[in-house]
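I opened my notebook to look through this model a piece at a time. Here is what I looked up, in the order I wrote it down.

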Amino acid sequence: MRESLRDIKTVGTLTPSSRHLCESMIRHIDFENGITIVELGAGDGVITHQLLSKMPVDSRLIVFEVNEKFCRTLRQIHDPRFILIDDTAEKLDDYLNQLHIDHIDYVISALPFTSLPRTLGINIVKQCYQHLNKGGLFVQMHYSLFTKRLYKKIFGNVDVCFVPLNLPPAFVFVSEKI
Ligand SMILES: C[S@@+](CC[C@H](N)C(=O)[O-])C[C@H]1O[C@@H](n2cnc3c(N)ncnc32)[C@H](O)[C@@H]1O
């Protein structure tokens, strides 16, 4: 709450995602061996922990978060599958290159694209598209339908599901790299 009030445009919400919203995001993932997941805008790790509880031992989770307080909390996760990038998701391409990762299987994003600059959103979603494997999924949460067109334009497809049990009620957008 304190971090939200300090910088609501970047944090994008007053409350962390509910269990229902987290589940609605991660139910699209097939947790098979060797998968690489990128999480954008992890906050205090509410989705991160659920992902790690389901991921197989030989998988990887690369997490981007810009807020220093949230990063401090995330650094308490000691798990060999977990890599924290305390920098902007706009540098996805650079960091994946540094980590020698060409392709990823899933992107789980809670970035508040509606309050971030539009060009930043386009840039990040395009980088996700470029790095996803064919059949890979981009999963994004929002509290409105405003950005639906952005995902449709970049991926050519987008499915939307409504999650009423969250404060505020939310939408989950899922686009597949075809
Ligand atoms: C809506 S909160 C989601 C937090 C958590 N994942 C949840 O579901 O409750 C969005 C998060 O994105 C982070 N964020 C905003 N812009 C970012 C950027 N450019 N790169 C990485 N993280 C960013 C914010 O600091 C914030 O923690």
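**Entry 1: His 100**

I began with His 100, which is exposed, with a relative accessible area of 73%. My cut-offs are under 20% relative accessible area for buried, over 50% for exposed and in between for partly exposed, using a 1.4 Å probe and protein chains only. His 100 sits in the loop between helix H6 (92–98) and E4. I also noted its phi near 60 degrees, a positive value in a residue other than glycine.

A note on the ground rules: this is a predicted model, in which local features need pLDDT of at least 70 and side-chain atom pairs count only at pLDDT 80 or more, while totals for chains, interfaces and linings use all residues. Residues are numbered from 1 along each chain as its sequence is written, and side-chain values use heavy atoms, with hydrogens and water left out. My helices (H or I, at least four residues) and strands (E, at least two) are DSSP runs, numbered from the N terminus.

**Entry 2: the sheet**

In what order do the strands of the open sheet run? I read E3-E2-E1-E4-E5-E7-E6, 7 strands with mixed pairing. Two strands pair, in my notes, if DSSP finds at least two bridges between them. At the edges I found strand E3 (82–85) and strand E6 (159–163), each of which pairs on one side only. On average, neighbouring strands of this sheet are turned by 15 degrees against each other, direction ignored.

I then followed the pairing of E4. Strand E1 (residues 36–40) and strand E4 (residues 104–109) pair in the parallel sense over 4 bridges, and Val 38 has Val 107 in E4 as its bridge partner. E4 and E5 also pair in the parallel sense, over 5 bridges. There Val 107 stands opposite Phe 138 in E5.

**Entry 3: E5 and Gly 135**

Is E5 largely enclosed or open? I found 8 of its 11 residues buried, so E5 is largely enclosed by the rest of the structure. Gly 135, in strand E5, counts as partly exposed at 38% relative accessibility. Which residues does Gly 135 touch, leaving out those up to four places away in sequence? They are Glu 176 and Lys 177, where contact means heavy atoms within 4.5 Å. Between Gly 135 and Glu 176 I noted a C-alpha separation of 5.9 Å, although they are 41 residues apart along the chain.

I moved on to the helices. Two packed helices are described by the angle between their axes and the distance between the axes. My axes are lines fitted to C-alpha atoms, for helices over the stretch in contact, and angles run from 0 to 180 degrees between N-to-C directions.

H7 lies across E1, E4 and strand E5 (132–142), running at about 150 degrees to E5. The axes of helix H7 (residues 118–131) and helix H8 (residues 148–155) come within 10 Å and cross at roughly 40 degrees. H7 and H8 are therefore oblique to each other; I count under 35 degrees as roughly parallel, over 145 as roughly antiparallel, 65 to 115 as roughly perpendicular and the rest as oblique.

On the H7 side I listed Gly 121, Ile 122, Val 125, Lys 126 and Tyr 129, and on the H8 side Leu 150, Tyr 151, Ile 154 and Phe 155. By class, this contact has 7 nonpolar, 1 polar and 1 charged residues. For these classes, Ala, Val, Leu, Ile, Met, Phe, Trp, Tyr, Cys and Pro are nonpolar, Asp, Glu, Lys and Arg are charged, and the others, Gly among them, are polar.

**Entry 4: H3 and H4**

H3 and H4 pack at an angle of about 50 degrees, with their axes 10 Å apart. That makes H3 oblique to H4, and their crossing is right-handed. In helix H3 (residues 19–26), I marked Leu 21, Cys 22, Ser 24, Met 25 and Ile 26 as buried. The cover over these residues includes helix H4 (46–54), E4, E5, E6 and strand E7 (170–176).

Cys 161 lies in strand E6 and touches Arg 27, Ala 170, Phe 171 and Val 172, not counting residues up to four places away in sequence. My last stop was Pro 168, in the loop between E6 and E7. The peptide bond from Leu 167 to Pro 168 is cis, with omega near -5 degrees.

How values were computed:
Left-handed = near helix turned anticlockwise from the far one by under 90°.
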